[in-house]
Amino acid sequence: MKLQQLQVFATVVRTGGFRSAAAALNLTQAAVSKSVHALEENCGLPLLVRSAQGIHLTPHGEYLYGRAKVLLDEVRETKEGLAVRRGLMAGSIRFACNSAVMLSCLGVFLPWFRKRFPATSIGLMDGGLMISLQALREHRIDFAVCAVGEEWPSDQFMWEPVCCCEQVYAVREGHPLLGQEIVDGQAIARYEWAIIAESFEEARDRFAHCMPQVGIPLSEKYLTAGDAMSAVELVRASDAILIVPEIVVSLNGFRKLPVVDSVKLPHLNFTLIMRKDFSPSKACEYLIHCVKKTMQEKFQALPGDSERNYSQSV
C-alpha cells in the first residue's frame, strides 16, 4: 500500500468521481483508475462500487477512507513542520467562520495576527455549522467559529462558547415596512424570506424551527441562497427579509426593522469548534486568541469566558 495510492483514493471519494479526481491531481483518468485498482488488489477487498449514478464506498472503503484522511493529514502536518524547521515556510492554518464574523471582524484579527506571524499561510472558508463540521471531520480545516443553537449537535469535537450578539430583521433601503412606526408579526409574514439554505425544504425546516417561537406565522415564500453574500444580494434586489446579527446591518447598507417586543429574535451564540485529536501550532493558538478577542470586543462577551481554554469538550 503506497501513500500516493491512498491520496488518489481519498481524492476520488472527496471529489465524487475519477474524472474530477484526475483534474484535481493533474493526472489522467486512466492513471487514477489504475491507482485505485492497485490499492484494491493490495487490500484484497473491494473499496468502491461504480455505477451510472457515480461511485459509492463499500463498508471496507468507508473504513479505509476514514483511516486515509487521518494518515494524509498527519503526513501534511509533518511535512509542514519539517519545512518550518528548515526555514522554508512558516506553516499554514485553515479555518472556517460564520459570515457575520468574517464581515465584521476579519479586518481586525487578520492584521493583528500578521504582525506576529507574517509568513504563515491562511486558508479561510465561509461556512455555517453543518458545512464546518463536515470540513472538520474530513480534516480540511483546523478550527471553526460558528453560530450554535441551544442543543450541541455532536460530541465529536471540542467546543468553547466565545460570545453572543443580537439578531434583527434586515431589509433594503426603501422597503415598504420602513414606513411603519413599528411592525408586528402579521405584517412581516406577508413578505418573502431570504434564507441561506441548499434547498426550499431546508429553508422551510429552518423557518419552522425558529419563527413560530417568536410569533411569526409559517411561510412558504422563500428566496434561498447558498452563501451569505448571495443572500445579501437577494435582499438588495427585492423586498425579502433577512435575519442577521445587528452589527452586520450597517456594513451592508441595510435597515433594521422596528418590531414589537413579541417578535424580537433570540441572541445568536458563537462557538469555537475543533477536533478532539487536533494539536494546534503556536501560530494557530495565536490566531484563535486574535479571533476570540476581536469577536468579544465587536459582539457581547459571555460572562467568565474571556480567558477560557478551548480544551473543554462535551
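**Briefing: salt bridges, strands and buried residues**

E246 counts as partly exposed, at 32% relative accessibility. Here buried means under 20% relative accessible area, exposed means over 50%, and partly exposed lies in between (1.4 Å probe, protein chains only). The model is predicted: local features need pLDDT of at least 70, side-chain atom pairs count only at pLDDT 80 or more, and totals for chains, interfaces and linings use all residues. Residues are numbered from 1 along each chain as its sequence is written, and side-chain values use heavy atoms, with hydrogens and water left out.

**The chain as a whole**

- The chain holds eleven helices and 13 strands. Both are DSSP runs numbered from the N terminus: helices are H or I with at least four residues, and strands are E with at least two.
- Of the 314 residues in the chain, 44% are buried.
- The chain exposes about 16,400 Å², and carbon and sulfur atoms supply 53% of that area. Accessible areas come from the Shrake-Rupley method with a 1.4 Å probe; for residues, only the protein chains shown count as cover.
- Take the contacts (heavy atoms within 4.5 Å) between residues at least 6 apart in sequence. Of these, 72% join residues at least 24 apart.

**A three-stranded sheet**

- Three strands make an open sheet, in the order β10-β7-β11, with antiparallel pairing. The edge strands are β10 (242-245) and β11 (255-256), and each pairs on one side only.
- Two strands pair if DSSP finds at least two bridges between them. Strand β7 (residues 167-171) and β10 have four bridges, in the antiparallel sense.
- V168 has V244 as its bridge partner in β10.
- Q167 sits in strand β7. Q167 is buried because its relative accessibility is 15%.
- Beyond its neighbours within four places in sequence, Q167 is in contact with I243, V244, P245, L265, P266, H267 and L268.

**Salt bridges**

- The whole structure has ten salt bridges. Each is a side-chain nitrogen of Lys or Arg within 4 Å of a carboxyl oxygen of Asp or Glu.
- R94 and D142 form one, and their closest N and O atoms are 3.6 Å apart. R94 lies in strand β3 (residues 92-97) and D142 in the loop between α6 (129-137) and β5 (143-148), so this pair ties together parts 48 residues apart in sequence.
- D142 is buried, at 3% relative accessibility.
- E246 and K256 meet through their side chains in a salt bridge (2.9 Å, N to O). E246 lies in helix α10 (residues 246-251) and K256 in strand β11, so the pair ties together parts that are ten residues apart in sequence.
- K256 is partly exposed, with a relative accessible area of 37%.
- R140 and E138 also meet in a salt bridge, at 2.7 Å from N to O. R140 is partly exposed at 33% relative accessibility, whereas E138 is buried with a relative accessible area of 19%.

- R275 belongs to strand β12 (residues 268-275). Is R275 buried or exposed? R275 counts as buried, because its relative accessibility is 5%.
- The R275 side chain reaches the backbone oxygen of I141 at 3.0 Å.
- Not counting residues up to four places away in sequence, R275 touches D73, E77, L136, H139, I141, F157 and M158.

**I93 in strand β3**

- I93 is found in strand β3. I93 is buried, with a relative accessible area of 1%.
- I93 and I122 are 29 residues apart in sequence, but their C-alpha atoms are 5.1 Å apart in space.

**A nonpolar surface patch**

- L103, M229 and L251 form a nonpolar patch on the surface, and together they have about 240 Å² of accessible area.
- Patch residues have over 30% relative accessible area and no salt bridge; like charges are joined within 9 Å, and nonpolar side chains (Val, Leu, Ile, Met, Phe, Trp, Tyr) within 5 Å.
- L103 lies in helix α5 (residues 99-116). L103 is partly exposed, with a relative accessible area of 32%.

Conventions
A polar contact is a pair of N or O atoms within 3.5 Å; within protein, one must be able to donate a hydrogen and the other to accept it, and residues adjacent in sequence count only if both atoms are side-chain atoms.
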